[in-house]
Number of protein chains: 2
Amino acid sequence: MTVSRGRRPGAPDTRAEVLAAARTSFAEKGFRGTTIRAIASAAGVDPALVHHYFGTKDDLFVAALQIPVDPREVLAPVVAAGPDGAGERLLRTLLSVWDDPELQPGLVALARSLVSDDSASLVRDGFIPVVVGPVLASLVPDRPEVRVPLVASQIIGLIVTRYVVALPPLALMPSEDVVARVGPTLQRYLTGDLP
Amino acid sequence: MTVSRGRRPGAPDTRAEVLAAARTSFAEKGFRGTTIRAIASAAGVDPALVHHYFGTKDDLFVAALQIPVDPREVLAPVVAAGPDGAGERLLRTLLSVWDDPELQPGLVALARSLVSDDSASLVRDGFIPVVVGPVLASLVPDRPEVRVPLVASQIIGLIVTRYVVALPPLALMPSEDVVARVGPTLQRYLTGDLP
């Protein structure tokens, strides 16, 4: 009986090496400066294998961020229900993920690192324009390039204030109170009259 | 002629030592865990000298943050003009400080450090409740403990998005456009009907 000791293309450590190469490249060269080809080369595999494991460059980026949930999947039902009330639904969905005690520590660590020097470009060039921007854009009547960043500004501020800084009483405010108080802001940025 | 080589109480390096001791204490023990007496002891001076140099504990905290401007002074005219239009005035004032090319690098570095693990308590226990909270509270008709953190959430989010992450087009949006688009959010948090 022979047991192969070589690594097969589908072996788990190959996948991990591709992911590590992707994280390094996204961190050093940003989203736009990263190519599947360069990641494949750094990991010593064929680009086709990278696509096989991770799908598109966007998918690989989401995987490299190591977010415990894929925001595109989480946001899909919010968007599917249309623009009416989307501000409150978006917020309720966001809070349900961030308030989850199993997810929160990892998300807070991620938020901290994304504000640091090295990773701000991942938010600027990748996370917002590539991952969440296109999803939210389908909710807005016009000028997504203005509306989506305004939505991002309130959501990021809420995350920093409630979860990273943990400012009382926002940190402990019942999520439905947050939805009722901040939801109208998101709704106005999404669909309201904006100068 | 004799020249004193000893340090006099008013010597610049004594002031710097007090400030260094204050920064260490605020960072390690937070705002509430820090006393003037402990700072004086760490710097090897009399507590009265700390008060002489820096005024109250609040004043010393602002000095220790090394913010290029004192937010209480900057916000005074915003507050003096009353609640009507305060959202837009607050934002215009904030943007004029943050858009200043001489101030911006230091402010961005400060914002980054305040989101880090070690310094979040300075925002939570000191900066918002002690420095800006009381100023803003004079603008609101009721429940400052709810309204001020909501204002903070949008302002912090705008700062992170426009200056730290530098998300386009928010990073380059003319300040009057930001004022017109985000001002109503702050006005509603300050004086609007909130559930």
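The model is a predicted one. On the side of chain A, the residues that lose the most area to chain B are A:V115, A:V165 and A:R181, which together make up 19% of what that side buries. The contact draws on 38 residues from chain A and 38 residues from chain B.

Next come the interactions across this interface. Between chain A and chain B there are 12 residue pairs in polar contact, counting pairs with both residues at pLDDT 80 or more.

The side of chain A that touches chain B can be followed element by element. Those giving two or more residues to it are α7 (104-115), α8 (120-137), α9 and α10 (175-191) of chain A. The most comes from α9(A), with 13 residues. By class, this side of chain A has 25 nonpolar residues, along with six polar and seven charged ones.

Helix α9 of chain A, which spans residues 144-164, deserves a separate look. How many of its 21 residues are buried? The count is 19, and the helix is described as mostly covered. After α9(A) comes A:A166, a residue with a positive phi, near 55°.

Notes. Residues numbered from 1 in each chain as written. Chains lettered and ligands numbered in written order. Predicted model: local features only at pLDDT ≥ 70, side-chain atom pairs only at ≥ 80, totals over all residues. Heavy atoms only, no water. Buried < 20%, exposed > 50% of the residue type's maximum accessible area, 1.4 Å probe, protein only. Helix = DSSP H or I, 4+ residues; strand = E, 2+ residues; numbered from the N terminus. Contact = heavy atoms within 4.5 Å. Buried area = accessible area lost by both parts, 1.4 Å probe. Polar contact = N/O pair within 3.5 Å; in protein donor to acceptor, adjacent residues only side chain to side chain. Nonpolar A, V, L, I, M, F, W, Y, C, P; charged D, E, K, R; others polar.
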